[in-house]
Amino acid sequence: MNRIRRLVLGASLALAAGLAGQPAVAQQTKLTFYFPVAVGGPITKLIDTMAADFGKANPTIKVEPVYTGSYQDTIAKTLTALKSNESPHFAILLSTDMYTLIDEEAIVPVDEMLKTADDRKWLDGFYKAFMENSQTGGKTWGVPFQRSTIVLYYNKDLFREAGLDPETPPKNWAEQLAFAQKLTKRDAAGNTTQWGIQIPSSGFPYWLFQGLTTQNDVRLMNDAGNRTFYDDPKVVEALQYWVDLSTKHKVHPPGIVEWGTTPRDFFERKVAMMWTTTGNLTNVRDNAKFPFGVAMLPAGKQFGSPTGGGNFYIFKKTTAAERDAVMKFIRFATEPERAAQWGIDTGYVAVRPDAFETTRMKEYVAKFPPAAVARDQLKFAWAELSTHENQRVTKALNDGLQAAIVGTKPAKAAMEEAQREAARILRPFQR
Amino acid sequence: MSRAKATIYGWLLLLPAFVLLLAFTHWPAVATLHASLYSTPKRNRPSVFVGLENFEGMVDDPVFWQAMYNNLLYALGTIPASVALALLMALWVNEKLAGQAWLRLAYFTPTVLPMIAVANIWLFFYTPDYGLIDQIVRAFGFGATNWLGNPDTVLYCMMVMTVWKEAGFFMIFYLAALQQMSPNLAEAAAIEGCGRWTFFRRVTLPLLMPTTLFVLVNAVIGAFRLVDHIVALTGGGPNNASHLLLSYIFDVAFRYWDTAYGAALTVVLLAILGGTALFQFLVLEKRIHYR
């Protein structure tokens with residue numbers, strides 16, 4: 001029995017090797033892949049499954065996903081690994097890390113790996129808004145994967161109580177303020193028991209602020225990523241609108257509003273409208289005990305939101321064969337069907353229009369219309385703030401915004417100071 | 001055993017600790033000092049010797065001064081409070097009480113919890129309006145306060161949390177010292193007709209001084225070393241109002257990747273810590289009575 005089994009096993013192995021027509025197992029390409037987790041849900045499991053499915057379809061390539069913490073941890077680990085020559089083959093990092101990675105000479109442009117017309121057509125198939133943060137100097141450095149935008153969530157019950165139509169969210173800045181005024185409630189002692197609107201300002205206020213600046217038709221940086229426009233009058237105007245919501249109109253909580261507890265404030269009915277990422281869609285759907293609506297951010301001079309989230313990057317310390325294998329995986333992960341499923345599972349916006357044409361996505365959107373809001377808003381979305389020395393230049397803006405919000409500096413002075421600081425940091429990159 | 005043999009034996013016993021200390025404490029410190037005198041390597045611009053330029057940059061860096069000021073205030077606010085509270089708690093749980101073990105455990109719990117977990121709990125304590133603190137305050141007729149979102153309150157919020165976290169840890173040392181104190185002393189004092197306060201001031205406190213020195217050294221190090229909660233709760237905001245020296249160093253070195261400047265800042269931190277430790281051991285120790 002034993003001998004027969006061994007014989008059968010040996011024969012089938014020989015057959016398999018013969019069929020493969022090449023020294024199969026020995027030639028397997030191993031790829032290490034760093035990925036962060038930034039939203040709730042079983043992301044790690046989804047990524048592992050994706051890698052396993054890819055392995056089944058491509059037995060010569062083995063992708064090993066390595067969970068590396070938050071986005072911040074992941075870039076820190078990647079750059080540290082790079083400095084000790086232990087680079088992963090590819091990673092998901094913030095789209096805004098592009099200039100940093102270029103400056104560190106860490107990544108290779110994706111264009112080099114595009115060989116056929118079909119490859120190029122695939123790259124052109126992503127939403128333009130997402131490509132803005134992935135291209136500079138005529139090259140494409142990142143491939144959009146888990147991307148998001150900001151949307152407005154509102155409590156339909158509270159709208160009804162305030163005499164507003166729950167099916168009509170505010171469409172512009174004036175309406176947003178007027179609605180917020182109706183939605184703010186105070187008790188006899190003058191303490192506010194319910195706020196009209198909340199725009200988080202802890203951690204990365206620049207991102208939410210970019211919603212306001214985009215709506216006010218002003219860019220915060222140039223395409224080359226070496227100049228910022230923080231002191232533009234339209235930027236100051238956008239900041240003044242935000243500051244006025246709390247200090248002048250008193251419809252927005254005073255001081256810095258915590259990003260992390262904002263959804264909870266919404267669930268507790270402490271706030272009637274909130275701005276937050278589409279990545280919170282699943283969270284809100286599961287935890288809001290009242291009917292809620294999702295809408296595009298209200299328009300100032302125009303509709304607008306920044307994009308956010310992570311791209312795939314391919315590292316330089318790889319062989320040509322490895323790069324091709326990475327490319328195969330990236331194409332696999334961004335196929336319409338898989339991009340659609342990823343969007344449904346996580347709440348991220350599917351990165352390609354053709355993903356929204358798939359049956360499974362159409363069915364999902366029909367059942368859950370808020371899923372389409374982010375997609376519709378993409379027409380008006382601009383690139384997230386990203387420059388050389390990104391963290392520092394962004395920090396200059398964050399500090400200025402927080403100073404204006406807490407009232408230590410007037411909006412204009414705060415933005416002028418932020419601009420001076422950013423200009424000083426970026427000077428070496430303007431040569 | 002001959003003298004030479006004993007010496008070798010002694011050194012061999014010391015060797016493992018010595019190697020570890022050298023590799024993970026002294027060598028990095030020296031390497032940091034070295035790195036602080038060079039510029040950060042950038043593309044096309046390799047690292048060059050710049051002398052004290054990194055330190056000169058600090059003079060014009062408002063965030064550095066803010067972090068220094070914050071850290072000083074933070075140390076002044078947390079060290080005396082946590083040491084005093086630790087002593088009080090130790091005296092309390094050293095008495096014979098019902099549920100003494102549970103009380104000790106309760107006081108020690110904050111120390112056992114990881115700082116990041118603690119920070120997430122406190123985030124909801126400090127949440128405006130429906131957070132625990134605001135709910136209590138509301139019972140007395142006050143409105144909501146944005147504790148962490150206001151530059152005037154954020155640092156004090158961090159201090160309260162730190163005192164809560166550290167006091168239990170220091171209590172253990174005081175408790176151990178109190179348990180070792182001979183009951184004869186209390187009996188003798190009672191015969192002499194000594195009051196409780198006088199006994200505490202004249203007998204207990206002096207006998208606890210060696211423990212106090214140890215606790216103080218730890219508290220000072222803690223005030224400069226513990227920044228997990230800053231990173232988790234505020235990231236140094238709003239507008240740097242809660243940045244401490246170490247959280248700023250982390251930002252400079254691992255967010256901005258300005259490693260040379262980060263090294264220079266680390267040298268300053270090392271100097272501060274080394275200086276206070278020396279002061280405590282050389283000056284304060286002379287005033288302490290050991291049995």
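Colleague: At what angle do the axes of helix 9 and helix 12 of chain B cross?

Modeller: First, this is a predicted model: local features need pLDDT of at least 70, side-chain atom pairs need 80 or more, and totals for chains, interfaces and linings use all residues. Residues are numbered from 1 along each chain as written, with chains lettered from A and ligands numbered from 1 in written order. Helix 9 (residues 196-225) and helix 12 (residues 259-282) of chain B cross at roughly 170°. Their axes come within 10 Å. Axes are lines fitted to C-alpha atoms, for helices over the stretch in contact, and angles run from 0 to 180 degrees between N-to-C directions. Helices are DSSP runs of H or I, at least four residues, numbered from the N terminus.

Colleague: Are helix 9 and helix 12 of chain B roughly parallel or antiparallel?

Modeller: Helix 9 and helix 12 of chain B are roughly antiparallel (over 145 degrees).

Colleague: New topic. What are the domains of chain A?

Modeller: The assignment, automatic or from a database, gives domain 1 (25-148 + 308-382) and domain 2 (152-307 + 385-430). Their centres, over C-alpha atoms, are 28 Å apart.

Colleague: How many residues of domain 1 of chain A are in contact with domain 2?

Modeller: 29 residues of domain 1 contact 26 residues of domain 2. Contact means C-beta atoms, placed from the backbone, within 7 Å.

Colleague: Which helix gives the most to that side of domain 1 of chain A?

Modeller: Helix 16 of chain A, with 6 residues.

Colleague: And what does A:Met273 contact?

Modeller: Leaving aside neighbours within four places in sequence, A:Met273 contacts A:Leu152, A:Tyr154, A:Ala180, A:Leu183, A:Gly196 and A:Ile197.

Definitions and conventions. Helices (H or I, at least four residues) and strands (E, at least two) are DSSP runs, numbered from the N terminus. Angles under 35 degrees count as roughly parallel, over 145 as roughly antiparallel, 65 to 115 as roughly perpendicular and the rest as oblique. Two residues are in contact if their C-beta atoms, placed from the backbone, lie within 7 Å.
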